[in-house]
Protein chains: 2
Amino acid sequence: MSRTLTAAVTALALAGVAAAPAIAQTRKSIQAPAKPLTLKARGSFYVGGESAEATAAELGIGVADRVTINQMYVEFMEPVGRAKLPIILVHGAGLSGKSYDTTPDGRAGWFEYMARQGHPTYVIDQVGRARSGFNHITLNRRLLGEAAAAQPAANPTAVPGGVGGPGGPRGAAFRFGEQYGVWTNFRFGPKPGEAFQDEQFPVEAVGELAKQSIPDLSSLVPQPNPTLKNLADLAVDLDGAVLLGHSQSGAFPMETALVNASGLRALVAVEPGGCRPSYTDAQIATLAKVPTLILFGDHLPNDTGMGPNSVTWQNRYDGCAAYAARIKAAGGKIELIKTTDLGIRGNSHMLMQDRNSDRIADIILKWVDANARKAG
Amino acid sequence: MSRTLTAAVTALALAGVAAAPAIAQTRKSIQAPAKPLTLKARGSFYVGGESAEATAAELGIGVADRVTINQMYVEFMEPVGRAKLPIILVHGAGLSGKSYDTTPDGRAGWFEYMARQGHPTYVIDQVGRARSGFNHITLNRRLLGEAAAAQPAANPTAVPGGVGGPGGPRGAAFRFGEQYGVWTNFRFGPKPGEAFQDEQFPVEAVGELAKQSIPDLSSLVPQPNPTLKNLADLAVDLDGAVLLGHSQSGAFPMETALVNASGLRALVAVEPGGCRPSYTDAQIATLAKVPTLILFGDHLPNDTGMGPNSVTWQNRYDGCAAYAARIKAAGGKIELIKTTDLGIRGNSHMLMQDRNSDRIADIILKWVDANARKAG
């Protein structure tokens with residue numbers, strides 16, 4: 001066991017929480033909801049995608065063939081009863097749509113909670129990850145040694161001010177580790193294994209969040225990121241939707257609005273990795289037409305533990321405050337809220353998994369009810 | 001446009017089906033079921049996983065940290081009413097659990113259909129793919145140039161007689177293409193774009209299946225494949241389950257039984273990539289204790305189009321016949337069926353997506369009702 005790990009386990013023991021591997025989620029540990037869930041429809045499909053031709057070596061399967069790349073996986077639940085506005089939930093860096101399903105401590109996530117509140121709810125996997133896959137032709141070319149020299153510096157984030165990781169060797173894959181990438185960076189506490197007194201994240205189940213952390217191949221995703229057009233197309237297909245992004249995808253609602261805002265009834269950014277500071281006045285004018293909510297949690301100045309160049313969540317909040325000021329100056333409707341502004345303490349970066357995740361969802365849904373544009 | 005692609009498009013036109021990109025699935029194209037679906041519980045969780053320490057360079061995130069590897073994503077739906085035996089569905093090579101959800105032509109897949117028939121139904125993503133992620137530390141090491149020289153020949157399949165692909169350069173990733181990997185290999189017709197007269201796969205929606213095809217990093221998965229122990233553990237957690245594998249995972253039910261058969265009430269292999277011929281008599285004795293169904297479709301001798309070394313599905317069927325004979329000789333209960341034995345024509349390799357997928361599910365569920373072992 002490494003010294004770091006030993007220290008972390010000791011810290012965990014001191015903090016009175018078990019080390020991650022001791023808490024294994026099972027089917028039996030997942031709470032049965034009080035009321036059955038009745039769905040008019042549910043399922044999954046893909047949005048977008050383009051054909052690409054690949055050689056046998058590039059495909060790795062012994063025969064040249066055509067594959068589809070840049071498609072986006074979507075799963076959905078549509079409750080019975082009069083449908084409210086659809087909501088599309090987008091996960092952050094190093095994660096998948098699983099972020100929004102059953103929480104690490106076994107409660108219903110926002111996917112199910114929002115559906116139970118009457119909203120047809122859509123969860124995606126970003127292009128470059130999970131069930132959306134990634135362009136492995138590019139990856140295999142790198143492994144074959146072609147194109148490696150011509151490879152530009154990797155940038156794992158589609159949005160400046162995002163997670164800011166270096167993107168891995170030759171830009172292949174990156175992933176958040178459990179002690180710094182998650183514990184300190186996601187503000188569970190001041191150092192690995194030590195939780196804030198008022199921490200809302202269920203830290204005893206941090207090992208379950210660690211399992212949700214999967215390799216992120218955003219560095220292989222072309223620019224502009226096809227996820228943005230796919231999201232715009234999905235919102236149009238749904239005849240209008242609220243688009244909610246988180247962390248690395250926190251600014252995706254805005255970026256998507258700049259691709260095509262016609263399907264977007266409201267933009268919600270939950271703890272965005274950054275609000276882009278460089279929008280033109282024309283872009284701001286477009287963005288000001290769609291009501292926007294930006295929501296942050298608690299303990300924003302906490303040291304991320306991600307190295308001397310990493311920015312704090314307070315820095316990110318400040319950047320979003322500057323963005324909100326520009327939108328307001330352009331006559332737009334925008335709210336920038338910290339949960340602490342509402343008297344709620346201890347929320348982490350993973351608000352959709354915090355113990356009070358239902359309450360946070362209620363804040364968002366209440367704002368949506370009051371502010372989302374009507375169709376057309 | 002390449003000559004191959006032009007030929008395929010011409011063939012598609014001749015066959016009276018549109019080229020793949022013309023059929024884009026949307027939310028609106030997905031059929032609403034006649035009856036709402038009422039669930040006692042639903043959600044997702046991970047089974048298994050181990051901690052691994054990685055350097056900053058290996059992680060690609062600027063700080064050394066601990067990550068979890070080899071965990072298995074599981075999603076489930078548990079219907080209301082008296083619960084029948086749980087069923088666990090495992091996807092094949094180059095695919096994810098999405099195989100079992102909404103079909104390419106917009107009908108409910110086996111995930112929902114089996115839940116509607118009263119079975120708590122569990123769908124997994126194999127370790128090495130999709131929401132289970134993969135060990136990108138190994139991948140990043142290869143990209144960094146370390147360990148590349150020591151790299152053994154890649155084998156993308158956990159089970160001999162599986163898909164038989166070469167596994168990509170340095171064993172990184174492989175993926176099925178749409179024309180050969182899917183069309184001919186999955187027996188939609190004798191050549192790309194040309195469907196069998198009686199074909200059951202909804203070939204007009206082949207582009208949607210192409211989107212489900214994602215990079216397969218099975219070559220990074222250690223041996224023994226952690227998916228097997230994870231499946232065994234899941235079956236025990238469920239107090240007994242039917243385990244169903246398909247294609248590359250077709251023999252996973254048997255392999256899982258050899259890890260721990262105590263949770264397995266029945267083994268179902270749908271078009272297994274191969275039945276392992278090399279089991280010892282002791283292993284056969286263990287396997288003979290669990291009722292087994294092996295199911296194949298139609299047009300088995302079709303040329304796979306995957307090159308001169310590829311084996312036909314008839315070869316694979318024959319291998320399973322030899323396996324079934326050994327199980328029977330050991331006193332086991334096993335059925336090896338071709339859908340054509342039941343007078344059903346035209347089923348492809350993707351029986352869970354064929355137009356008659358409900359009917360095929362009924363055949364399996366009827367066999368389960370009649371044969372699955374009772375608990376304990």
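Helices here are DSSP runs of H or I with at least four residues, strands are DSSP runs of E with at least two, and both are numbered from the N terminus. With that in hand, welcome to a predicted model in which chain B and chain A bury about 7700 Å² between them. A search of the whole structure finds 40 salt bridges over all chains, and the count between chain B and chain A is 16. Below is a short tour of the interface, a helix pair in each chain, and a few backbone details.

**Where the two chains meet**

- Chain B contributes 94 residues to the contact, and chain A contributes 94 residues as well.
- Of the roughly 7700 Å² buried between chain B and chain A, 54% is on carbon and sulfur atoms.
- Three arginines stand out on the chain B side: Arg27(B), Arg66(B) and Arg131(B) supply 11% of the area that chain B buries against chain A, more than any other three residues.
- Polar contact links 45 residue pairs between chain B and chain A, counting pairs with both residues at pLDDT 80 or more.
- Strand 1 of chain B, residues 37-47, gives the most to the side of chain B that touches chain A, with 10 residues.
- Sorted by class, that side of chain B has 44 nonpolar, 28 polar and 22 charged residues.

**Salt bridges to look at**

- Between the chains, the side chains of Glu75(B) and Arg131(A) form a salt bridge, with 2.9 Å from N to O.
- Inside chain A, Glu78(A) and Lys40(A) form a salt bridge whose closest N and O atoms are 3.8 Å apart.
- This second pair links distant parts of the chain, 38 residues apart: Glu78(A) sits in strand 4 (residues 72-79) of chain A and Lys40(A) in strand 1 (residues 37-47) of chain A.

- Two packed helices are described by the angle between their axes and the distance between the axes.
- In chain B, helix 7 (residues 226-237) and helix 8 (residues 252-259) pack at an angle of about 75°, with their axes 9 Å apart.
- Angles of 65 to 115 degrees count as roughly perpendicular, so helix 7 of chain B is roughly perpendicular to helix 8 of chain B.
- Helix 7 of chain B makes this contact through Thr227(B), Leu228(B), Lys229(B), Leu231(B) and Ala232(B), while helix 8 of chain B uses Phe252(B), Glu255(B), Thr256(B) and Val259(B).
- By class, the chain B helix contact has five nonpolar, two polar and two charged residues.
- In chain A, the axes of helix 7 (residues 226-237) and helix 8 (residues 252-259) come within 9 Å and cross at roughly 75°.
- Helix 7 of chain A and helix 8 of chain A are therefore roughly perpendicular to each other.
- Among the residues that meet there are Leu228(A) and Leu231(A) in helix 7 of chain A, and Phe252(A) and Val259(A) in helix 8 of chain A.
- The contact in chain A has five nonpolar, two polar and two charged residues.

**Backbone details**

- Most residues other than glycine have a negative phi, and most peptide bonds are trans.
- A cis peptide bond joins Gln223(A) to Pro224(A), with omega about -5°; Pro224(A) is in the loop between helix 6 (206-212) and helix 7 of chain A.
- In chain B, the peptide bond from Gln223(B) to Pro224(B) is cis, with omega near -5°, and Pro224(B) is in the loop between helix 6 (206-212) and helix 7 of chain B.
- Asn70(A), a residue other than glycine, has a positive phi near 70°.

Definitions and conventions:
Residues numbered from 1 in each chain as written. Chains lettered and ligands numbered in written order. Heavy atoms only, no water. Axes fitted to C-alpha atoms, helices over the stretch in contact; angles between N-to-C directions. Parallel < 35°, antiparallel > 145°, perpendicular 65-115°, else oblique. Contact = heavy atoms within 4.5 Å. Nonpolar A, V, L, I, M, F, W, Y, C, P; charged D, E, K, R; others polar. Buried area = accessible area lost by both parts, 1.4 Å probe. Salt bridge = Lys/Arg side-chain N within 4 Å of Asp/Glu carboxyl O. Polar contact = N/O pair within 3.5 Å; in protein donor to acceptor, adjacent residues only side chain to side chain.
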